[in-house]
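Reader: I would like to learn how to read a pair of packed helices in a model. Where do we start?

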Amino acid sequence: MDLSSQLPLLLGLAWLAPLASFVAILFFGPRMGQHGKNAAWVATAAILTSFVLSLVAFGGWIGSHPVQAVSHGAHGAHDSHGDEAAVGAHGAGHGPAAHSPIAYSGDWYTLYEGGNLKLSIGWYIDALTILMFVVVTFIATCIHVYASGYMHDELHDVTDHEVHLSGGGHLHRPGRFPRFFQALSLFCFSMLGIVIAGNLAMVFIFWELVGICSWFLIGFYYERKSASNAANKAFIVNRVGDFGMLIGLMALWGALGTLHFADTTTTAADGAATTQPGLFSLVRPAAGGHALRVPDGMVKFAAAKEVAQIAADHAANPADAASEVASKIDDWRSMGMGRWLLFVAGVGIFCGCVGKSAQFPLFVWLPDAMEGPTPVSALVHSATMVAAGVYLVGRFYPVLSPDVLLVIAYVGAITLFIAATIALVANDIKRVLAYSTVSQLGYMMLALGVGGWSAGLFHLVTHAFFKSLLFLCSGSVIHACHTNDMRKMGGLARVMPWTAGTMLVGCLAIIGAGIPFVIGLSGYYSKDAILAQALSFAQANPAHWILYVAVAGGAFLTAFYMFRLWFMTFAGRPRDHHIAEHAHESPAVMVAPLVALAVLAVVAGWTLPGGFGLANLLEQARPAGTESTMTGGFVFGGLTFPAEHESHEGAIHVTATLTAFTTAAAGVLLAAAMYLWRILSPTLVAYMFRPLYRFLANRWYFDELYHAVFVVPALGIAKLASSTDRGVIDKIIDGLAWSARQLAGIDAWIDRTLVDGLVNATANATWHAGLELKKLQTGHLRQYVMFIVVGTVALFVLASLLFRTTLAG
Amino acid sequence: MDPTASLTQPALWPLTAIVFLPALVAAFLSLPIIPKAREEFIRWTSLLTMAVVFVLSLWMAWPQLFGATGPAQFRLGEPGMQAVVKLPWIDAFGIEYLLGVDGISMPLVVLTTFLSMLAAAASWPITKHVKAYHVLFLLLVTGMLGVFVSLDFFLFYVFWEVMLLPMYFLIGIWGGPRREYAAIKFFLYTLLGSVLMLLAILMLYFTSDLRLLSDDQLIAAHVVSPAVEGAARADALTAVRSAKNPVHTFNLLALAQLGQLPSSPFAAAEVWGMSLEKWAFLLLLIGFVIKVPVVPVHTWLPDAHVEAPTPISMILAGVLLKLGGYGILRICYPICPGAGLAFAWLVCGLGVVSMVYGAFAALAQKDFKRMVAYSSVSHMGYVMLGLGVWSAVAGNEYRWDAWAQGVNGAMFQMLAHGISSAGMFFMVGVLYDRVHHRNLEEFGGIFNRMPVYSGLAVAVFFAGLGLPGLCGFIGEVLVTLSSWNYSRTLAVISAFTVILTAAYILWAIQRVYLGAEYKGPHGDHLTPITARELAIAAPLVFFAILFGVAPQILFNYVTPTVNRQVETLADWTRRVHDAPPVAPAVAQRGADGVGSR
């Protein structure tokens, strides 16, 4: 079996294994051992199977496509600037040896097919897909193992101390051990579905499923109001992003009629194969050296008026009309038609990513998502869900025009700054990590936005390792202390050496610690790459220097808040003796995953001699047309996106590395000064900057703002709609009925006073009719039947008189 | 036609049985020999009748399940009318007993029989006048099924009216405290719709003229049965041709053929400055959208639902609302294409307004059932939008597939909503049967009290939320995606609805099922789901998942017919509507192949 049929099979099974586990636990969960204890094994076995299958696929991949150092010179020579002026967005790289990534794609299953339109479930597998599979399944496996220890409380009846019943006392409930693993399995299945998706429709499907799984998991303690609120908030805020994503999907689907990433080839019954281009080759046709251009479909869509005119001119011969339209497309494109559509499509899809990856302005759900059990936080914050947004930007990268990229960069910059400032003052250990996640996701988005495709995704992977590590460590701490509040911790390093040590590794990795130019932890490499690319971009586009400042400043803030966290938790003397006395190191089943993840947090960024490493693996999946400098932009003026390899060399690299090192060191030192050596008193600092402190401690008042600006008006409109029904529409209906009764009354009165005396018999009949009508509201049915029958006959007669005469001739 | 031959039409007895068996049993049950006190017997009779009808409809729709494929059974992939039954009824007006099914009506028939069966099972808690209840219920079923299979407009109208009276009584007698108000309101609204519809029917009838159709078209429309051949066929055709006066018809297929002629009599006739086609379209549209219902003629729905007993709510939401969408698709568009194109903005606009307005109104409700009722308004808005997105115009090079996607999506949405809304109303009913209130603020903690029930209920509500993997998603996403090509503004507003839908459904789930403890009265009555209830809920959940995962099961039926109709109308737009003035003879020829064959 060759790779093209092997990979979908392996990864397809890896994808479906957690689904099987979900179904099994759904039906048989409570019967799996005592209190469903074995559900953990079922789920863990499933995800482990996925991991092994992913590894096999990975082995097969590197067997056929060895990972080697990429030679940059080959592409550099072809750098040139596009000549399709005024198209709005165009790239370069018109070299004869234009790079195109190795990818396999196909369809498993059709959801809808009509005409040329087809929605399907399929795969798109390249180095990035496989890498994500390995990372997601590995981290998920660690988290499953960890959770089988962490969730042991759920194996017996639970007393939830956070739920106060109306009759006083706390809630007692049976444990829900299997339910947790059931949801976890579905979550993994959904995430892997996004990763393997061969088209945007499938991405959207699993996008929503990830959302609902997060709803289940965040709301796991659904008796707590705060948990169910957080779950709803997460889902609804994500839906706001999905609203944008739907618009993006519509813009692509409406104009292009496909959502497939790659070209699809269908073989007809007679053996003739037809190829329908996918999104990537529509936007970056190979004929144009993979330079970005507005696809024909969008041009035509924007030129609907012109097309209609041509159709009218050639009404007699549609074929002429079609060929004339085809000949005009290039003209229309050069007039800039359709470029807004491409922009809308890109920004729309990015909106979805803003929701999932918790970017500004939709990041508010992520910190609240801490209501879920800690293993869930670890999974949500590292390899799944929030990773999905960044992954999608990376996957969808070829279609993003320069203007969209700039939007992404700025959204990333704003996010990373806001989140980092909030993390500075947070006291809940999980919330610090949550805001750090938001901030790091901002880094990734910014990197992608300034042309650092590989840098952003590289950071996604390294971050997945160290952030899951950090969360699991914090879980271990919470498990030991039964509190999230760092102000009650301190000095835990002595009692929890493994947790403290692995968490220190995590902190060092996230701040990008390393010996400059020699060696470092995984974060060192990925963060350097981001800094370098941001610097390179800032040099090419001096107007956007602020992006580089954001990255450098963010590095400082990251170092400060991470070490603030570590010092407050593990260093110094215990602040709360009761807690310190009861604290203990976690069991082996929880420590083992920590060690495994810590090892990867150290080595994940390394490149072996010969070139085997993450960065080079990612290069294999680099979207066509992004290996060289790209220029363009019509909304925000001319933009230049320097080729990524340029930032790896020379002065830019040196400056970036030194900046990263200095800022991080400064952050650590400041944290040490305040929380370790206590040269500066944190309370004094907070007092000095009181308004600022309060502003940050209240998370910039985003929740309050959104509540006032969106939630309250929405509920107001809802009330208005509801009362319009009762107050206006129903009043009109009731009024009509009332008038009918009045008319009947008048009718009856006329009968009695005028007609009565004249023709008694007739009057009697009419009077009865009037009485009957009067009962219109009282529920007598015969009248209506009569009404219909009489009305029918009357109308029949009327209509035949009216129309027979007009049409008989 | 030879009258003995007409009685051997293969589909005559199966289709007739599906439609009239419930009525027959209703007549039997209403006999005085059935004592009122034998309630169990009556309930079982009703349930078994519906089970038989369901199996019969399944036998038609899915022959493979029963082995052999007979001529009366449905052939997948064939777009035209199948299993046509044609018998003369009222000769004076050319009214026929003309029945048939195609890819649009077949799934709706099965949905109706299926939901009616479940509703019969859900009728056990009804203890008041059991006999009368089941008689009316079975009559209602006959009315609904008749509407879906009628191809004669008069017959259609008769069934339409037959359906209303039982529904009126079922709400008015077996309903809640404000049942009389709700029933009257339902009746007044529907009556208004019916009267306008009748007017349109007569307008079309008296304007129609079969002589305008070609021989092929007459045969395709079953004016002359395709089964009749040779001399008999020639005679029948000559009879139409040689008529001195216009030959009027109620035949829906023939009316569609006429409406799509380049020289459509409906477009030619004018009444008060507007073409008769447009009048008819608008009158029919009002009649149908009251049923759908769309804002602003929707206020009968929340009241009717809140007052109606659970099984009737299931039928009302699951089937009755679909009649409106079905009517628009089957009657308005094919017969009045010119008006359909001219008023596409109206249909789409009503749809989008309903989607948003219904969702907002649902968000504000305190009554669980009322909230579900408004969710129906919102969900049926998708149906309107999908039906209306006539994007096959010159600027789009007459590409029909986006519009076809909308119509397919609308059809799917109707079927999916049939499952999910019936499920949602049933789930509300299960709670109501126990605690006798529906106040959203006074629930909570149901998940811990009734875990199996809550799991199923959450699944059904998620189907309503449009979650992928469940039936609600496919229709919504197809409709939303298709609307972009018709109007960007409407598309964006319709996409916006996804936020509101998530908000009201999740909020309701939170208030009812989540939380620590039940806050309302009769907490001790919250017993686990019974076997009977499970037997109703489980199939609904099963189909909600099945159609969400394998939508092709339904699309296999729907798509060929819908695509053909849309393609025909797209073609009509190019050749007739946008056509340059050409010689009449050419135009006449060009109309061949329009409509069903």
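Author: With the handedness of one crossing: that of α16(B) and α22(B) is left-handed (the near helix is turned anticlockwise from the far one by less than a right angle). The model is predicted, with local features needing pLDDT of at least 70, side-chain atom pairs counted only at pLDDT 80 or more, and totals for chains, interfaces and linings using all residues. Residues are numbered from 1 along each chain as its sequence is written, and chains are lettered from A in the order in which they are written.

Reader: Which residues make the contact between α16(B) and α22(B)?

Author: Contact means C-beta atoms, placed from the backbone, within 7 Å. On α16(B), B:C348, B:V352 and B:F360 are among them, and α22(B) contributes residues including B:L490, B:T497 and B:Y504. By class, the contact has 13 nonpolar, three polar and no charged residues.

Reader: At what angle do the axes of the two helices cross?

Author: Two packed helices are described by the angle between their axes and the distance between the axes. Here the axes of α16 (residues 344–364) and α22 (residues 488–512) of chain B cross at roughly 20° and come within 9 Å. That makes α16(B) roughly parallel to α22(B) (angles under 35 degrees).

Reader: How many residues does each chain give to the contact between chain A and chain B?

Author: Chain B gives 74 residues and chain A gives 70 residues. α16 and α22 of chain B are among the elements that give two or more residues to the side of chain B that touches chain A. α7(B) gives the most, with 15 residues. That side divides into 48 nonpolar, 19 polar and seven charged residues.

Note on methods
Axes fitted to C-alpha atoms, helices over the stretch in contact; angles between N-to-C directions. Helix = DSSP H or I, 4+ residues; strand = E, 2+ residues; numbered from the N terminus. Parallel < 35°, antiparallel > 145°, perpendicular 65-115°, else oblique. Contact = placed C-beta atoms within 7 Å. Nonpolar A, V, L, I, M, F, W, Y, C, P; charged D, E, K, R; others polar.
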